[in-house]
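Let's take a walk through this one, a stop at a time. Have the viewer open as you read.

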Protein chains: 2
Amino acid sequence: MSTNITWHSSHVTRSDREGHLNQRGVTLWFTGLSGKVARSGKSTIATALERELFLQRKSTYILDGDNIRHGLNKDLGFGPADREENIRRIGEVCNLFTDAGLIVLAAFVSPYNQDRDKVRSLLETGDRKDFIEIYVQASVSTCEGRDPKGLYAKARAGEIPNFTGISAPFEEPIHPEVILKTGDQSVEDCVALLMKYLKDGGYLSAHKNSEEVF
Amino acid sequence: MSTNITWHSSHVTRSDREGHLNQRGVTLWFTGLSGKVARSGKSTIATALERELFLQRKSTYILDGDNIRHGLNKDLGFGPADREENIRRIGEVCNLFTDAGLIVLAAFVSPYNQDRDKVRSLLETGDRKDFIEIYVQASVSTCEGRDPKGLYAKARAGEIPNFTGISAPFEEPIHPEVILKTGDQSVEDCVALLMKYLKDGGYLSAHKNSEEVF
């Protein structure tokens, strides 16, 4: 529907920004069942990783259901069409933050492979490989066992429609870059594993061909 | 419509991020008639300012019709309701980028005071004063005179509906923080004026109470 518009890049390039920040822009997409758990879950691990990255002077930003659902997507509900639009918009925001040179930590239930793959394709166009899918694996029974807010119990009782894992499906990622088994691994272990992945992948320094203009 | 969600802040705070970047997160909102002009206009000035800020090692990101309309808002058209939703979503994205500690340069026609004021109120809650409205002032006749793509001519001929300034209204900002008269001021002058505004306002260094944790 958009017409009369053309893409133009700003004079400061993504490579410039990455050189300045000494890192590579990338989206870390945490997917898995809804937790709200005390010890480990998508947001818990993302927050712990963010802290570790900050201590290494990296620039990050967390996107999660809490800051997105109160703002950008507050007009959306939890039915299938709205969930799809929810993830689409989040993917576009991840794309902007990644282009800005930041390390984005996106923590969303995001239960459908099709929706996650659309975000992946947005961040993997051309030479770009800026999407890292992290499956935070926990069984429904584990999440039910933790359930400090009693959400699973309410969902079982039919009081919460479209609750992923109970009254709505969760499709396991097919080829995630990283799998975290939060039943077996501590938060610290998960963070160490992810830091190694980022370091080995070259994300924690600028590209070699970045020019330092100062 | 969103339920069962609560806001929680990540352990790395905005103040932490601003301390790291040595700047304050803020949204610079450029508003004015559509240009696509060669020498001066919203995007031209924003791009030149971005370059100057980059040379001073500041972290910025430009949001404009080009990168937003091809992505986040590609489902929206140019009628009144879609224009309102367009600006609402952009305001929410500005809010996220500002919270991330970046200096956001948002360049959009954004013809309605009501829509711009909603973005302002989003960024001016509580103690926050993170919205700087910059009116890039150019008369319709000036823009028509520049018109390298012939858009004004097409709009005059009725070929482009909802074209701001011709077939759709532009409401001048009532209390913009900065007015740039691009007919009289060069791009360099506009950039110098904006840099002074940012420096005097304390945006180019972190808050005094930011803690350096390293």
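## A glycine in chain A

Leaving aside residues up to four places away in sequence, A:Gly91 touches A:Val119 and A:Leu122; contact here means heavy atoms within 4.5 Å. You'll find A:Gly91 in helix α4 (residues 80–99) of chain A. A:Gly91 counts as buried because its relative accessibility is 0%; the cut-offs are under 20% relative accessible area for buried, over 50% for exposed and partly exposed in between, with a 1.4 Å probe and protein chains only. The C-alpha of A:Trp29, 62 residues away along the chain, sits 9.5 Å from that of A:Gly91.

## Ground rules

This is a predicted model, with local features needing pLDDT of at least 70 and side-chain atom pairs counting only at pLDDT 80 or more, while totals for chains, interfaces and linings use all residues. Residues are numbered from 1 along each chain as its sequence is written, chains are lettered from A and ligands numbered from 1 in the order in which they are written, and side-chain values use heavy atoms, leaving out hydrogens and water.

Helices (H or I, at least four residues) and strands (E, at least two) are DSSP runs, numbered from the N terminus.

## Helix α2 of chain A

With 14 residues, α2 (residues 42–55) of chain A spans 20 Å from first C-alpha to last, close to the 20 Å expected at 1.5 Å a residue. Its buried residues include A:Ile45, A:Leu49 and A:Leu53. Just after α2(A), A:Arg57 adopts a positive phi of about 65°.

## The chain B sheet

Chain B has an open, parallel sheet of 5 strands, ordered β2-β3-β1-β4-β5; pairing takes at least two DSSP bridges.

Note on methods. Expected span 1.5 Å × (residues − 1).
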